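Thanks for coming. I will walk through one structure this morning, a few places at a time. Please keep the sequence and the model in view.

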Amino acid sequence: MPQNPSYPSPATALPLAEKASLTSGAGDFVTQECAAAGAPAVSMSDGPHGLRLPKESGDGGQLDLHSAAPATCFPPAVALGSSWNPELAERVAGAIAAEATAHGVGVVLGPGINIKRSPLCGRNFEYFSEDPLVSSELGGAMVRGLQDAGVGAALKHYAANNQETDRMRVSADIDERPLREIYLRAFERVVRRDRPWSVMASYNGVNGVPVSENARLLTGILRGEWEFDGIVMSDWGAVRDRVAALRAGLDLQMPGTGGRTDLEVADAVESGALDEAVLDLTVARLVRFARRTTDPVRSPGAVDVDGHHRLAGAAADQCVVLLKNDSALLPLNPAAGSVAVIGELARTPRFQGAGSSQVTPTRLDVPLDSLRELATGADVRFAAGYALPGGTGETAEKEAQLSEEAVRLAADSETAVLFLGLPPQDESEGFDRDHLDLPADQTGLLERVLAVNPRVVVVLSNGGVVRTAPWQERVPALVEGWLLGQAGGGALARVLFGAVNPSGKLAETVPLRLEDSPSHPSFPGEEGRSRYGEGIFVGYRGYDARRSEVAFPFGHGLSYTTFGYDGLDVDEADGVFRVGLTVTNTGSRAGREIVQIYSGGPADSRVLRPVRELRGFVSVFLEAGESRDVVVEVARHDLAYFSEREDGWKVEGGRYRIEAGASSRDIRACVEVDVEGDPSKIRLTGRNTLAEWLEHPVGGPLLSEWFARARGEASQEGGGALADPVMRRFLAGVPLDVICEFPQSPVPPQSLGGLADAVEARMAEDQERRGA
């Protein structure tokens with residue numbers, strides 16, 4: 001474990017009470033100032049996709065999730081993840097940083113990079129993907145965009161925060177391998193590469209221990225293994241035992257507690273229950289954090305409100321996912337024809353999720369208005385079709401009238417564009433969803449429209465996936481519009497009329513049924529425990545393992561053009577595989593393609609492996625007919641799995657598949673590569689089974705030699721029992737020390753120690769030889 005980093009001017013000389021006061025907030029969204037230590041107060045703001053400028057409640061204040069001032073509402077993570085564009089995410093984060101600076105905010109509480117374990121999670125709109133690589137690439141880009149502009153990021157929610165049900169108490173019970181490979185992997189990549197200035201500890205526990213008090217997660221892994229040098233802050237209201245949390249590695253409790261927990265910390269030091277050196281190290285980290293976020297002093301400038309709105313629109317353009325487009329129904333002709341725009345969501349759009357991330361937008365593009373603005377000759381008419389919940393309370397008679405008007409308009413129009421989606425009551429921070437279905441009045445309206453007009457385009461507005469079966473089979477065109485931020489209405493209009501060629505790809509699987517979700521049997525758990533029984537088989541990994549049919553696979557997204565893949569080739573040098581291929585735009589218009597690189601295997605793996613796992617991706621923009629060579633680098637260690645037995649990452653030797661695809665189920669090319677495995681770290685003893693001995697690269701040959709010598713049967717491979725395939729399989733799961741107790745065993749029990757020592761000696765020789 002590396003030594004703790006040294007920090008400038010640790011405040012060990014401060015009075016105990018003042019040191020303790022730094023470990024909790026001075027208010028709802030501000031830290032404690034300490035002039036004597038050179039630590040200014042730091043203002044924070046929610047803001048994964050735009051600033052929710054805080055309203056300090058003060059004593060007795062009421063919870064207020066509305067922003068104190070307008071800010072640009074960029075596409076939330078559910079949409080931005082579908083762009084598969086880290087450079088775009090970095091630009092968005094830079095704009096958020098500029099607005100933060102203008103408002104005196106030093107830390108933005110984001111990005112959130114938790115895995116979408118279940119499509120029911122009510123906060124999925126704040127997260128990027130079901131895959132840790134996509135999450136880390138987009139999340140890491142946002143960290144860079146914020147911090148390069150001098151505003152701190154708070155990477156959240158560490159760790160395994162994958163549901164809202166009982167979120168402040170539930171224990172996420174996860175085996176070590178899925179914890180490392182799925183739920184910690186994105187955090188590890190971002191912490192190691194992008195160095196966030198702070199990490200936010202989540203509400204939940206992991207394997208029975210609250211994260212805010214979990215020394216293994218906060219100190220052992222985060223600081224010890226990953227060398228994190230920032231501060232760990234709590235989620236708001238997550239701390240139950242301040243002293244235990246401080247001891248575990250939690251630096252800052254938020255929000256402030258009016259000094260109550262500061263006294264608990266001081267009393268613990270005075271009583272000897274808390275080593276003051278622990279507090280001193282925490283204070284040193286907090287001082288450094290305060291200086292990082294305020295030095296150099298940033299000069300607030302005027303926010304380019306119009307420029308940021310344009311950026312929000314350009315980002316939304318890349319987030320729209322074209323799921324289906326039979327007979328090239330889209331794009332629509334803006335210069336001719338009649339278009340029935342149906343659905344209240346076209347006039348009253350949902351553009352963000354509910355909860356602590358709500359932004360008061362600087363303006364709002366309405367899809368209906370944007371469609372009318374872009375139509376140069378097409379006749380765009382509107383019918384609400386349904387009412388949104390929470391309105392004036394429509395009667396059954398009024399609802400029927402809305403539906404009738406919409407059906408008549410659809411029958412009288414060349415094309416019907418239906419805006420369908422989830423109301424805010426169905427998904428929010430604070431609670432999970434009960435189902436994946438669209439509201440019944442919306443799907444009923446869709447059926448009636450399909451009966452009178454076969455040219456139907458469905459545009460979805462939702463923060464989490466919705467079930468599209470069985471009606472998707474009869475809808476010729478389907479657009480996933482997600483929650484696109486304040487400029488999303490214009491983006492949808494540009495895609496529908498063809499001013500923008502859609503290029504978004506799904507960062508999560510759309511299942512046919514909720515029951516098909518790999519986590520469904522154990523989500524959200526019971527009696528305060530959520531057992532992650534699907535293990536590493538989350539999202540597409542699980543659907544592929546069970547060969548489940550899906551509505552739309554991970555990575556899927558169509559375009560108004562087509563792309564060809566040729567010449568897949570893999571070169572390896574210095575621990576990096578360079579995966580190269582040629583991508584050609586084989587259609588008639590310019591477009592962007594996201595090439596996805598997956599790996600699978602080895603076929604004879606000793607552990608369960610997914611059918612394929614995403615290892616890299618690249619975005620390429622091509623004019624019609626243009627070809628370009630692209631290269632995706634895959635580090636050899638990214639092929640590793642986490643071995644619980646060896647307590648570390650391990651690359652298995654063997655033959656791997658390297659695949660290039662347009663989605664996880666649209667693989668265009670595949671090659672096989674041989675990968676040399678890592679040497680085993682296992683120290684063999686008599687408690688290891690015969691199979692484990694024989695599989696060991698050093699122990700196996702030595703044991704076979706030992707058996708052969710003991711039997712005098714050197715001419716046979718191992719001789720005796722080892723030469724008999726039935727007996728060998730019969731004994732495979734038996735510990736070697738038990739086998740040695742058998743009367744006919746060729747290896748006496750007293751010889752086991754010498755055999756284990758011989759294995760260690762030979763492994764040391766091999767390591768020395770490789771080092772030379």
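I start in a loop. Arg547 sits between helix H17, residues 540-545, and strand E17, residues 550-552. This is a predicted model. The phi of Arg547 is near 55°, which is positive, and the residue is not a glycine. Most residues other than glycine have a negative phi. Is Arg547 buried or exposed? The cut-off for exposed is over 50% relative accessible area, and Arg547 has 76% relative accessibility, so it counts as exposed.

Trp482 also has a positive phi, near 50°, without being a glycine. Look for Trp482 in the loop that runs between strand E14, residues 477-480, and helix H16, residues 488-496. The cut-off for buried is under 20%. With a relative accessibility of 1%, Trp482 therefore counts as buried.

Next, two peptide bonds. Most peptide bonds are trans. The bond that joins Met254 and Pro255 is cis, with an omega of about -5°. Pro255 belongs to the loop between helix H8, residues 242-248, and helix H9, residues 260-271. From Phe523 to Pro524 the peptide bond is cis, and omega is near 0°. Here the proline, Pro524, lies in the loop between strand E15, residues 510-511, and strand E16, residues 529-531.

Now a sheet. It is open and has 5 strands, in the order E1-E2-E3-E5-E8, and the pairing is parallel. Which strands are at the edges? They are E1, residues 44-46, and E8, residues 231-234, each of which pairs on one side only. From one strand to the next, the twist averages 30°. Helix H10, residues 276-294, packs on this sheet and touches E1, E2, E3, E5 and E8. The direction of H10 makes about 95° with that of E8.

E3 leads on to helix H6, residues 185-194. E3 is among the elements that the buried residues of H6 pack against. The others are helix H4 (132-148), helix H5 (176-183), helix H7 (215-225) and strand E24 (648-650). How many residues of H6 are buried? The count is 7 of 10, so H6 is largely enclosed by the rest of the structure. Those buried residues are Arg185, Ala186, Phe187, Glu188, Val190, Val191 and Asp194. Just after H6 comes Arg195, with a positive phi of about 50°.

A strand can be covered too. Strand E13, residues 456-461, has 6 of its 6 residues buried. In a regular strand the side chains alternate between the two faces of the sheet. In E13, Val456, Val458 and Leu460 are on one side, Val457, Val459 and Ser461 are on the other, and all are buried.

His308 is part of helix H11, residues 305-319. Its relative accessibility is 10%, so His308 counts as buried. What does His308 touch, leaving aside residues up to four places away in sequence? The contacts are Thr72, Phe74, Ala95, Ala98, Glu99 and Val303.

Last, the empty space. Rolling a probe the size of a water molecule over the atoms shows where such space is left. The largest pocket has a volume of about 900 Å³. Its lining is made up of 38 residues, and those nearest the centre are Arg606, Tyr641, Glu646, Lys650 and Glu652. Strand E23 (641-643), helix H18 (690-695) and helix H23 (752-771) are the elements that give two or more residues to this lining. H23 gives the most, with 5 residues. By class, the lining has 16 charged, 14 nonpolar and 8 polar residues.

That is the end of the tour. I can go back to any of these places on the screen.

Terms used. Residues numbered from 1 in each chain as written. Predicted model: local features only at pLDDT ≥ 70, side-chain atom pairs only at ≥ 80, totals over all residues. Heavy atoms only, no water. Buried < 20%, exposed > 50% of the residue type's maximum accessible area, 1.4 Å probe, protein only. Helix = DSSP H or I, 4+ residues; strand = E, 2+ residues; numbered from the N terminus. Contact = heavy atoms within 4.5 Å. Pairing = 2+ DSSP bridges. Axes fitted to C-alpha atoms, helices over the stretch in contact; angles between N-to-C directions. 1 Å grid on protein atoms, 1.4 Å probe; cavity = no way out; pocket = protein on both sides within 12 Å on 5 of 7 lines; lining within 4 Å. Points joined across faces, edges and corners; volume = space filled by probe spheres on them. Nonpolar A, V, L, I, M, F, W, Y, C, P; charged D, E, K, R; others polar.
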